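Hi there,

Here is the structure I promised to hand over. Please have a look at it first, and then read on for my notes.

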Amino acid sequence: MNGAPPAIDVVDETFLAVPPATVKAAFAAPAAWRRYWPDLQLEVYTDRGDEGLRWTVKGALVGTMEVWLEPVLDGTLLHYFLRATPQGPLRPRDLRREGDRRARAAKGIALELKEILEDGREPGVPPKS
């Protein structure tokens with residue numbers, strides 16, 4: 001990436017009422033990565049245990065991605081970062097669309113995990129381990 005800042009910079013946060021280890025398990029297997037990001041090839045460069053993962057990104061985008069799992073209250077604040085540049089040149093309008101698409105996809109992943117991992121948990125009830 002020639003030293004230029006990444007063309008796409010996605011930052012997202014979602015609270016999940018489950019322990020960090022539960023969220024980490026959802027991202028642990030490479031099969032999950034292919035499901036969530038089918039057009040990207042990811043390689044872990046830092047496994048932070050229950051605090052998350054950091055990847056290098058290749059494929060449709062080139063850059064880095066991170067899932068940081070922060071223990072908060074009775075659950076986990078899932079932080080997602082994607083800093084990357086598309087492989088081929090895009091017009092400014094198309095680049096904005098790609099950034100928006102990636103941001104919506106990130107929130108979709110987080111909300112899907114929230115629904116699955118919280119498993120119908122009622123507000124005020126302790127999370128399941």
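Predicted model: local features only at pLDDT ≥ 70, side-chain atom pairs only at ≥ 80, totals over all residues.

First, the cavity. The count comes to 1 cavity of 30 Å³ or more, and the largest cavity holds about 60 Å³ of space. Which residues line it? The lining of the largest cavity is made up of Asp-12, Thr-14, Phe-27, Trp-37, Val-67, Leu-78, Tyr-80, Ala-106, Ile-109 and Ala-110. Sorted by class, that lining has 8 nonpolar residues, 1 polar and 1 charged. At least two lining residues come from each of β1 (8-16), β5 (75-86) and α3 (92-118). Of the contributors, α3 gives the most, with 3 residues.

Next, the helices. Two packed helices are described by the angle between their axes and the distance between the axes. Helix α1 (residues 20-27) and α3 have axes that come within 11 Å and cross at roughly 120 degrees. That angle is why α1 counts as oblique to α3. As for handedness, the crossing of α1 and α3 is right-handed.

Where do these two helices touch? On the α1 side, the contact is made by Thr-22, Val-23, Ala-26 and Phe-27, which meet Ile-109, Leu-113 and Leu-117 in α3. The residues of this contact divide into 6 nonpolar, 1 polar and no charged.

One link to look for on screen: Phe-27 and Ile-109 are among the residues lining the largest cavity, and both also take part in the contact of α1 with α3.

Enjoy exploring it!

Best wishes

Definitions and conventions: Residues numbered from 1 in each chain as written. Heavy atoms only, no water. 1 Å grid on protein atoms, 1.4 Å probe; cavity = no way out; pocket = protein on both sides within 12 Å on 5 of 7 lines; lining within 4 Å. Points joined across faces, edges and corners; volume = space filled by probe spheres on them. Helix = DSSP H or I, 4+ residues; strand = E, 2+ residues; numbered from the N terminus. Nonpolar A, V, L, I, M, F, W, Y, C, P; charged D, E, K, R; others polar. Axes fitted to C-alpha atoms, helices over the stretch in contact; angles between N-to-C directions. Parallel < 35°, antiparallel > 145°, perpendicular 65-115°, else oblique. Left-handed = near helix turned anticlockwise from the far one by under 90°. Contact = heavy atoms within 4.5 Å.
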